[in-house]
Amino acid sequence: MTHVVTEACIRCKYTDCVTVCPVDCFHEGPNFLAIDPDECIDCTLCVPECPVDAIFRDVDLPDGMEKYPELNARLARRWPVIIQKKPALPDAEQWRHMRDKRQYLDTGEDGAELPLPEPPVPLMEYQRTPEFTDDDAPAGLLHDHRTKAGVWGRIVLLEGNLRYCLEDGSARAWILSPARPAWIPPDLPHRVEFLGPARFYVSFWR
């Protein structure tokens, strides 16, 4: 069995459930959360935490929610893991009692091919970190963080791959490689995820 996020979450995206989950089974999209059925351990801890009662066991789904197990599994494969609570969507209270919200689900598919951010003007590098690997990378890089105003970061892969995730509510994410570095705009919350062994550094520009 697995637990399933259902329609009530759409356009609310409360994340109280994430704080009590003992495994990394929640994944975040633009206006919905999904549970990875392969990671969920059916502990039930998330169920009472949801302010809109959106989470059910797959064997106890309300009528009309039969397609949500497959939807959760499919979206969880595409969306980044969410491991920290963050504010609900700005108009969550207006949508929490709405019904028939499936039409408003944003899967992010329309923006899946959006290009990586780029500086609007030429910059000069002024500093860079040591090289890091999946064994010794600072824990702060794996959690929501940002560069200060006026400073652009650049993630440069030397070996392997990383997932670069924006934490601005857009759920945008890209897979980085040695041939595909990434710019980090100033004051933009973001994090990285390891997809296996990797070696990289971060440089800073202004």
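Let me start with glutamate 167, which lies in the loop between β7 (152–166) and β8 (173–176), the strands being DSSP runs of E of at least two residues, numbered from the N terminus. Please keep in mind that this is a predicted model, in which local features need pLDDT of at least 70 and side-chain atom pairs count only at pLDDT 80 or more, while totals for chains, interfaces and linings use all residues. Residues are numbered from 1 along each chain as its sequence is written, and side-chain values use heavy atoms, with hydrogens and water left out.

Glutamate 167 is buried, at a relative accessible area of 10%, where buried means under 20% with a 1.4 Å probe, protein chains only. Lysine 86 forms a salt bridge with glutamate 167, with the closest N and O atoms 2.4 Å apart; the term requires a side-chain nitrogen of Lys or Arg within 4 Å of a carboxyl oxygen of Asp or Glu.

The contact, meaning heavy atoms within 4.5 Å, takes ten residues from domain 1 and eleven residues from domain 2.

How much area is buried between domain 1 and domain 2? The value is about 760 Å², of which carbon and sulfur atoms give 49%, counted as the accessible area (1.4 Å probe) that the two parts lose on being put together, summed over both. Pro80, Ile83 and Gln84 supply 47% of the area that domain 1 buries against domain 2, more than any other three residues.

Notes: Helices (H or I, at least four residues) and strands (E, at least two) are DSSP runs, numbered from the N terminus. Buried means under 20% relative accessible area, exposed over 50%, partly exposed in between (1.4 Å probe, protein chains only).
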